[in-house]
4 protein chains.
Amino acid sequence: MGKDTGFTTMAGAKSEGDAPEIGVGMLGYAFMGKAHSNAFKKYPYMMYPPVAVPKLVGIAGRSVDAVAEAARRYGYEGYYTDWHKMLEDDRIQLFDNGGPNDTHADPCIAAAQAGKHILCEKPLARTAEESKTMLDAVTKAGIKHQVAFNYRFVPAIRQIRDLIDSGKLGQIYHFRAVYLQEWIMPHYGTPKIWRLDKAVAGSGSLGDLGAHIIDLAHYLIGGIKSVSALTRTFIDQRPLPDDPNKMGKVDVDDAFVSTVEFENGAIGTLESTRFAAGRKNYNCFEINAEYGSVRFNLERMNELEVFWVGEEPKETQGFHNALISEGYHPWWNNWWPHGHIIGWEHTFVHEIHNLLDAIVNNKEVGPHGATFEDGYRAAVICDAILQSASQKKQVDIKY
Amino acid sequence: MGKDTGFTTMAGAKSEGDAPEIGVGMLGYAFMGKAHSNAFKKYPYMMYPPVAVPKLVGIAGRSVDAVAEAARRYGYEGYYTDWHKMLEDDRIQLFDNGGPNDTHADPCIAAAQAGKHILCEKPLARTAEESKTMLDAVTKAGIKHQVAFNYRFVPAIRQIRDLIDSGKLGQIYHFRAVYLQEWIMPHYGTPKIWRLDKAVAGSGSLGDLGAHIIDLAHYLIGGIKSVSALTRTFIDQRPLPDDPNKMGKVDVDDAFVSTVEFENGAIGTLESTRFAAGRKNYNCFEINAEYGSVRFNLERMNELEVFWVGEEPKETQGFHNALISEGYHPWWNNWWPHGHIIGWEHTFVHEIHNLLDAIVNNKEVGPHGATFEDGYRAAVICDAILQSASQKKQVDIKY
Amino acid sequence: MGKDTGFTTMAGAKSEGDAPEIGVGMLGYAFMGKAHSNAFKKYPYMMYPPVAVPKLVGIAGRSVDAVAEAARRYGYEGYYTDWHKMLEDDRIQLFDNGGPNDTHADPCIAAAQAGKHILCEKPLARTAEESKTMLDAVTKAGIKHQVAFNYRFVPAIRQIRDLIDSGKLGQIYHFRAVYLQEWIMPHYGTPKIWRLDKAVAGSGSLGDLGAHIIDLAHYLIGGIKSVSALTRTFIDQRPLPDDPNKMGKVDVDDAFVSTVEFENGAIGTLESTRFAAGRKNYNCFEINAEYGSVRFNLERMNELEVFWVGEEPKETQGFHNALISEGYHPWWNNWWPHGHIIGWEHTFVHEIHNLLDAIVNNKEVGPHGATFEDGYRAAVICDAILQSASQKKQVDIKY
Amino acid sequence: MGKDTGFTTMAGAKSEGDAPEIGVGMLGYAFMGKAHSNAFKKYPYMMYPPVAVPKLVGIAGRSVDAVAEAARRYGYEGYYTDWHKMLEDDRIQLFDNGGPNDTHADPCIAAAQAGKHILCEKPLARTAEESKTMLDAVTKAGIKHQVAFNYRFVPAIRQIRDLIDSGKLGQIYHFRAVYLQEWIMPHYGTPKIWRLDKAVAGSGSLGDLGAHIIDLAHYLIGGIKSVSALTRTFIDQRPLPDDPNKMGKVDVDDAFVSTVEFENGAIGTLESTRFAAGRKNYNCFEINAEYGSVRFNLERMNELEVFWVGEEPKETQGFHNALISEGYHPWWNNWWPHGHIIGWEHTFVHEIHNLLDAIVNNKEVGPHGATFEDGYRAAVICDAILQSASQKKQVDIKY
C-alpha cells in the first residue's frame with residue numbers, strides 16, 4: 001500500500017457542483033474579446049456558486065494567427081476562421097458577438113436561426129433599421145438575447161435604478177449625461193480606423209459612446225419623446241491605417257450634443273465626444289428629482305453621489321459620496337470587503353451572470369439586462385439625433 | 001502749551017489721496033442693493049489706491065421705511081422714494097440699478113438722458129427688444145454703461161479668458177455650462193414671487209441664471225450661431241405672495257436646456273434650472289479645446305481645474321486643481337496671502353473697479369466688463385431659446 | 001420756496017441706530033492690520049443691526065510714512081508712532097494688537113492696566129510663561145480679552161462644535177490635524193524674516209500654524225494630557241532681509257509633528273509645516289467619533305464633510321459634502337443666499353462681533369471666542385511640544 | 001471523409017506557449033485564499049505572455065468541508081487537511097501562505113526547508129523575533145520569498161516610487177500616512193475574532209493596517225530612525241465568537257498614532273485605526289518633497305495627486321489628479337484602454353508576476369517586491385511602536 005500523501009483529488013468532481021455547462025462561441029478577439037473572455041473565465045468562481053459554467057468552445061476571427069493566439073491565450077478549445085462554421089457547432093449554446101458594428105447583424109441573425117442564445121456588443125447595429133432585423137430574428141427564434149450595455153451592470157448604476165424603482169427619488173425633473181473621451185484629438189494622430197468609418201461603424205462617438213448614455217437614459221428615466229441635436233466632425237481627413245500617406249474622409253461624427261425630452265416629463269441633455277482633452281472615459285450623468293439628486297462618474301465607478309431632500313440634521317445636508325462596496329450593494333456579496341474596489345472589467349461578470357441566469361432558469365433578460373429591443377430603441381434615438389442634426393429641428397421619437 | 005498726545009490727525013486729508021469722488025445713486029435695497037453697497041464701501045481701501053472713491057449719495061426705493069433703513073445701514077447720505085427725483089441730483093454721476101427686471105429700462109434710459117454713467121443688474125431687460133432701447137439710449141448719451149454680469153469678475157473666470165486670449169488653449173471644441181439651483185422645488189413651498197412672473201421678470205431660470213452662462217459663453221467662446229432648446233415649468237400654480245390662499249399661474253420657465261453652436265465652430269449645451277436638489281448655486285462649465293480643458297464651479301470659485309495636453313512628465317498628466325489665489329492671479333494682489341480665499345461678494349468689488357476705471361480714465365468698459373451691448377446680446381439668445389422651444393426647431397441667431 | 005428735490009437726508013442720524021460706538025486703537029498695519037481694519041469697517045452694516053459701531057480712532061506703528069498711509073487707507077482718524085501714547089487716548093476703549101509676537105506682551109499688559117479691552121493676534125506670546133503674565137494682567141484688570149484664533153469663527157468649524165456639544169457625534173476617538181503651507185521652501189528664496197527668528201516669533205511653524213490647530217484641538221476636543229513630538233529645520237541658514245549677502249541662522253522649527261493624547265481618551269496627531277509643496281493654506285482636520293466623522297479643510301472653508309453612522313437608506317451612506325451657507329448655519333443669516341460663498345476675511349467679522357458683544361453686553365468671550373486663558377493653554381502645548389522634541393520623550397501637560 | 005467543421009483544436013497546445021508551469025500549494029481559503037487564487041488564475045492570460053503558468057495543485061486547511069469546497073471553487077487539483085503533508089508534495093514549487101498570523105512562521109520555515117519558494121501574507125509574523133526566524137530560514141534555504149505587501153503593486157504607488165527614484169521629487173521632507181477602517185466600531189457589534197486576539201494576531205490595527213503603511217514608508221522613503229507612539233483599545237471586552245454570552249478581553253490595539261523620523265531626515269506621522277466612521281479602506285498618504293508633493297488614497301487607487309514646483313504656466317499650478325491608466329503606467333499595458341479602471345484585486349496579479357519572474361528568471365524579488373527581510377523590518381517598527389507606547393518615550397530603531 002502506498003504512502004498516505006494526505007492529498008484528496010478533485011479529479012472527476014464537476015468544477016462548480018451541479019451547475020450546467022454552457023458552450024460559448026466567441027466572435028472577435030480584440031478589446032471586447034478580451035473583456036468578455038475574462039468575464040467568462042472569472043464568473044464561475046467569483047459569483048459562486050454560478051448558475052452555469054461557461055465552457056469556452058471556440059473563438060472565431062479572420063486572421064488565423066491572431067485567432068489561434070487568442071484561443072491559446074484565453075483557453076478556448078479551438079478556433080474558427082469562419083463564423084458561419086462556428087455557428088454549426090452543436091457544442092455551442094451561446095454566441096458572443098464582440099466584432100465591429102458591421103459584423104453584428106448577419107452573424108447574430110444566423111446564430112438566432114441556429115437556435116443559439118446571443119450576447120452582442122453595442123451598439124446593436126449601425127442603424128435602427130438594421131437593428132430591427134436583428135430584433136425580429138431573435139424574437140422569432142425565441143432565444144435569449146442581450147446587448148452588452150455593460151454599464152447597467154455597474155453596481156452604482158444598478159443602485160440608482162433600485163432607488164428610482166423604490167420611489168425614493170420621486171418625480172424626475174432632469175437627466176444630463178455626457179460621455180467624454182479624448183483619443184482622436186490632434187495630438188494622438190489617430191488614423192481613420194474602423195470606428196471613424198460610417199460603413200463599418202454606422203456613426204462615430206454617437207454609436208460608440210452616445211449609445212451607452214442613451215441606453216442609461218432609457219434604463220433609468222424611461223422612454224424618450226423628442227430630441228434636438230447637433231453633430232460635429234472636427235477633423236474630417238485622416239491618414240488611412242494601411243497607407244498613412246493617403247488621407248481618407250471621416251464620415252462620422254466626432255461629437256454630438258442633444259436636448260432630450262422624456263415621456264415622463266423630464267428634460268435633459270446628452271452629449272458625447274472624442275475631443276475632450278483629459279477626459280479618459282468620462283461617462284458622467286446627474287439626475288435631479290423631487291426628493292433628491294444622484295450623480296455618477298465612470299472614472300470613479302465605485303462611488304455614487306447622492307443628495308436627499310429634507311435629511312436630518314439639516315445642518316449637514318449635502319451630496320453624499322457613497323462608496324458602493326458593501327455586501328448589500330448590487331453584486332457586492334460576490335467580491336471583497338468594503339472599500340476594496342472593483343474595476344471596469346467586473347461589469348462584464350455581472351452581465352454574463354444575468355444572461356446565463358436567463359438561459360438556465362428561463363428568466364427574462366430585462367429589465368436589468370438590455371435586450372435586443374433595448375438595443376433597437378437606442379438605435380432609434382441615434383438615428384433621430386442624426387436626423388435632427390441634419391434637419392435642424394426637433395425630432396419626435398417613434399420606437 | 002498742551003500735552004503731547006502723540007496723535008496726528010488725518011482730518012482734512014482726502015481719504016484716498018488724489019482719487020476723485022464719484023457720487024453714486026442706487027436703485028433697490030434688497031439682495032443686489034446689499035451686494036453693490038458693500039462693494040462700493042469696500043473698494044477704495046481694498047483695491048488700494050483706488051481710481052475713484054464712490055460717495056454714497058442717495059438710495060431710492062418705494063417703501064420709505066425700507067429705503068430709510070437701507071440708507072442708514074449702508075451709510076448713504078440720504079434717500080429718495082422716487083427714482084426720477086434721484087436722477088435729477090447733480091451730486092450723482094453713477095446710477096446703479098439693482099431693481100427687479102421690469103424697472104431696468106425706464107430708469108436706465110432716463111439716467112442716460114441725464115448724463116449719468118450706469119451700472120445695471122442683469123438681465124439687462126425682459127426681452128431683446130427692450131434691451132435694445134436701453135442700448136440705443138446709452139449709446140446716444142455717450143455715457144459709460146455696464147451690466148452686472150459679475151461672474152466675469154471671478155478671478156478664475158478672468159484667468160480662463162486670459163488663457164484663451166493667449167492662445168494657450170488653441171481651437172475650442174466644446175462648451176458645456178449649467179447653472180443649477182433648487183430654491184423653488186416643492187419642499188421650499190416658494191410662492192409666486194416676482195421672479196416667477198413673466199410681466200416683471202421676462203423669463204424664469206433663463207433670464208436669472210441662464211443669462212449668466214450665456215454671457216460667459218459670449219465672453220469666453222464668442223458669438224453664437226444657433227440654439228435649439230426646450231423649456232419646462234414643473235409647477236405651474238403657486239400661492240400668491242400677498243394672499244397665500246389664492247393661486248397664481250407661473251408663466252415663466254422653471255428650467256431650460258439648449259444645444260448651442262458657436263460662430264467659431266465649437267458646439268455645446270446650456271442649461272439652467274431651479275429644480276436641482278442639492279445644487280445651491282452651481283454655475284459650472286467646462287471647455288474642451290485643442291491644447292487643454294478647463295472646468296469651473298462657482299461653489300468652489302477660488303479653484304480652477306485645468307488639463308494641459310502633452311504636459312511632462314506624462315506619467316502625472318491630469319486635471320490640475322489650481323487654487324486661484326496667488327498675487328499674479330487676476331485682482332489677487334489686492335487681497336490676502338495665497339490660500340486665504342475670497343467669496344462671492346468680492347466679484348462686485350472687481351466689477352466696480354472696472355466701471356470706475358472706465359469712467360475716470362475714459363477707458364472702455366469691455367471687453368472684460370459687460371456693456372449694454374453684451375446685455376443686449378444675452379437677451380437675443382434668451383429670446384431665441386424661448387422661440388426655439390416654442391417652434392421646436394433650431395433658431396439661427398441674428399444679434 | 002425751494003424746489004422739492006425728493007431727497008431726505010440721513011445727516012444727524014446715528015449710522016446704526018442706537019448701537020454705541022467703541023473707539024478702536026490698532027497696533028500694526030501689515031497683514032493683520034488690514035484684516036482687522038476691514039472687519040471693523042464691515043461689521044456694522046453686514047451683521048446688522050450691530051451690537052456696537054467700531055470707531056477707528058487711531059493706528060500705531062513705528063514707520064511714520066507707513067502708519068500715516070494705513071490711517072489714510074482704512075480711515076483711522078489719526079495715527080501714533082508710539083503705542084504707549086495711543087494707550088493714553090481716552091477715546092479708545094478697545095486695543096487691537098496686530099503686531100509681531102514679541103510686541104504682544106508689553107502693549108497688552110499696558111492696555112489692560114489702562115482699562116482697555118483687548119483683541120490680540122495669535123499666538124498670544126512667545127512662551128507659556130510670557131503668556132501667563134498677560135493672562136494675569138487682563139484677569140486683574142477685569143477687561144474683556146480675546147485672542148484672534150479666528151478659525152473658531154469659520155461657520156463650518158462652529159458648526160462642528162455645535163454638533164459635538166449636541167451629543168450627535170458621541171464619544172470622540174480621533175483627532176488628526178495638519179496645517180500645511182509652502183512659502184519658505186527653497187524655490188521661494190525666503191530670507192530670514194521675523195517669523196524665522198526665535199527672539200521675535202518664539203517658534204516657527206509651531207507658533208504660527210500649529211497654534212491654530214492646537215487651539216482647535218482645545219476648542220473641539222478638550223484638554224490635552226500628553227504630547228510626543230519631533231521638530232525639523234530643513235534650511236538653517238537664510239539671507240538676512242536687510243543684507244542678503246549675509247546669512248543668518250534660523251533658530252525656529254520649519255515643521256513639527258506630534259502625537260497627542262486627550263483627557264477624554266481620544267488620541268491624535270498634530271502637524272504643521274511650511275515645506276509642503278502645493279499646500280497654500282491647508283488647515284485640515286478630521287474627527288472620528290462614535291456616531292460619525294467630520295472633516296474640514298480651510299482651503300474649502302465653506303464646506304464640511306460629515307459621515308453619520310446608521311443613516312438611512314444605508315445604500316447611500318457616505319461622507320456628505322455640506323455647503324455651509326444656509327441661513328441656519330452659524331452667522332450665515334448675515335450674509336448671502338445659499339451657495340454664494342464667503343471668504344477667509346469674514347471670520348474676522350464674526351470674531352469682532354463676539355468681542356464687541358462681550359464688551360457691550362457684558363457677556364463672556366468664551367467658550368466660542370478664545371480668551372487669553374485659551375491663548376495661554378495653546379502656549380503651554382507649544383512649549384511641551386518643543387520640550388518633547390528636545391527630550392525625546394512624551395511630555396505630560398500641566399496647564 | 002468527414003465534413004469540414006472548420007474547427008481547429010488547441011488540444012495539446014501548451015496553454016501559454018513555452019512558459020513553464022509552477023505548481024502552487026495554498027494554505028488558507030478565506031479572504032486571502034480567494035484573492036490569491038483569483039490572481040493565480042488570472043495572471044497567465046492577462047499579463048500575457050506570462051513568465052510562468054501557475055498550476056493550482058493543492059490547497060490546505062483544517063476544515064475538510066471548507067477546503068474541499070475551496071478546491072472545487074478555485075479549481076485546485078485536490079486538497080490537504082494537513083499542511084505538513086502538502087509541503088511533501090513534489091508537484092508544488094511555490095507555497096502560498098494565506099493563513100492567520102500565528103500560522104505564518106512554522107509552515108513557512110518548513111516550506112523553506114522543503115525547498116519551496118514562498119509567498120506569505122502580511123504581517124510576516126507576530127513579532128520581529130518570530131519574523132527573524134523566518135528570514136533566517138528562507139535565507140539559509142536560498143529560495144525566493146515574498147511578503148504580500150500588495151500595495152507596492154498598485155500602479156499609482158509604483159509610479160510614486162519611480163518618480164522618487166528618478167530624482168524628480170528631490171529631497172523628501174514629509175511623509176504622513178493613515179490607514180483608517182471602521183469595522184469594529186460599536187455599531188458593527190464585532191465579536192472577539194482572531195484579529196483581536198494577541199496570541200493569534202500579534203497586534204491589532206498595527207499589524208493588520210499599520211504594517212502596510214510602515215512597509216510603504218520603507219519602500220518609498222527609506223529606513224526609519226525613531227518612532228514615538230501611542231496606542232488605544234477603545235473597547236476592551238467583546239463577546240466570544242463561539243459563545244456570544246461570554247466576554248473576552250481584547251488585548252490588542254484598536255488604533256495607534258506615531259511620529260516617525262527617517263534616516264534621510266524626513267519626518268512624518270503614521271496612524272491606523274479600526275474606529276474611523278465612514279472610512280472603509282482608507283489607506284491614504286502624502287509626501288512633501290523639494291520639487292513637489294504626491295498624495296494617494298486607496299479608495300481611489302486609480303488616481304494619483306501630484307503637485308510640481310515651478311510648473312508653467314504658473315497660473316494653473318495645482319495638484320494634478322492623474323488617472324493612472326495609460327499604457328505607460330506601471331503594468332497598465334496588460335489591462336484596458338485608459339480610463340477603464342482596475343480594482344483592488346489586480347494588485348495581486350502584479351505581485352504574483354513579480355514573484356514568478358524572480359523564480360523563473362532567477363531575479364531578485366526586491367526592490368519592488370517585499371522580501372522576508374522587508375517583512376522583518378516592518379515587524380521591527382511594529383515592535384518599536386508598541387515599546388514606545390508602553391515606555392512613553394521615543395524609541396530608536398535597530399533593524
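Biologist: How many residues does the contact take from chain C and from chain B?

Modeller: The contact takes 47 residues from chain C and 47 residues from chain B. Two residues are in contact if their C-beta atoms, placed from the backbone, lie within 7 Å. On the side of chain C, β1 (8-9), α1 (31-46), α2 (64-74) and β4 (78-80) each supply at least two residues. That side divides into 20 nonpolar, 17 polar and 10 charged residues. Nonpolar means Ala, Val, Leu, Ile, Met, Phe, Trp, Tyr, Cys and Pro; charged means Asp, Glu, Lys and Arg; the others, Gly among them, are polar.

Biologist: What should I keep in mind about the model and its numbering?

Modeller: This is a predicted model: local features need pLDDT of at least 70, side-chain atom pairs count only at pLDDT 80 or more, and totals for chains, interfaces and linings use all residues. Residues are numbered from 1 along each chain as its sequence is written, while chains are lettered from A and ligands numbered from 1 in the order in which they are written.

Biologist: What makes strand β1 of chain B and β4(C) a pair?

Modeller: Two strands pair if DSSP finds at least two bridges between them. Here 2 bridges join β1 (residues 8-9) of chain B to β4(C), and the strands run antiparallel. B:T8 stands opposite C:Y79. As for the names, helices (H or I, at least four residues) and strands (E, at least two) are DSSP runs, numbered from the N terminus.

Biologist: Which strands link chain C to chain A?

Modeller: β17 (residues 319-323) of chain A is joined to β17(C) by 3 bridges, again running antiparallel. A:H320 has C:H320 as its bridge partner. The contact takes 17 residues from chain C and 17 residues from chain A. The largest share of the chain C side, 5 residues, comes from β17(C). By class, that side has 7 nonpolar, 7 polar and 3 charged residues.

Biologist: What is the strand order in the open sheet of 7 strands?

Modeller: The order is β7(A)-β6(A)-β5(A)-β2(A)-β3(A)-β4(A)-β1(D), with mixed pairing. β7 (145-147) of chain A and β1 (8-9) of chain D are the edge strands, as each pairs on one side only. Inside the sheet, 4 bridges join β2 (residues 21-27) of chain A to β5 (residues 94-97) of chain A, which run parallel. A:G25 is bridged to A:F95.

Biologist: Why does A:G210 count as buried?

Modeller: A residue is buried if 20 or more other C-beta atoms lie within 10 Å of its own, exposed if 12 or fewer, and partly exposed in between; C-beta atoms are placed from the backbone. A:G210 has 31 such neighbours, so A:G210 is buried. The residue sits in helix α8 (residues 205-220) of chain A. Its contacts include A:Y179, A:F256 and A:C382. A:Y179 is 31 residues away in sequence, but 6.7 Å away in space, C-alpha to C-alpha.

Biologist: How do you know that β14 of chain B is mostly covered?

Modeller: Of the 8 residues in β14 (residues 282-289) of chain B, 7 are buried. β14(B) pairs with β8 (residues 172-180) of chain B over 8 bridges and with β15 (residues 292-297) of chain B over 5 bridges. Both pairings are antiparallel. B:N288 stands opposite B:H174 and has B:S293 as its partner in β15(B). A hairpin through 2 residues joins β14(B) to β15(B).

Biologist: Why are α5(A) and α10(A) called roughly antiparallel?

Modeller: Axes are lines fitted to C-alpha atoms, for helices over the stretch in contact, and angles run from 0 to 180 degrees between N-to-C directions. Angles under 35 degrees count as roughly parallel, over 145 as roughly antiparallel, 65 to 115 as roughly perpendicular and the rest as oblique. The axes of α5 (residues 128-141) and α10 (residues 372-391) of chain A cross at roughly 170° and come within 8 Å. The two helices are therefore roughly antiparallel. Their contact has 8 nonpolar, 2 polar and 3 charged residues.

Biologist: What makes α6(B) and α8(B) roughly parallel or antiparallel?

Modeller: α6 (residues 155-165) and α8 (residues 205-220) of chain B pack at about 30°, with their axes 10 Å apart. The pair is therefore roughly parallel. B:I157, B:I160, B:R161 and B:I164 meet B:L216, B:Y219 and B:L220.

Note on methods. Lists of a residue's contacts leave out its neighbours within four places in sequence.
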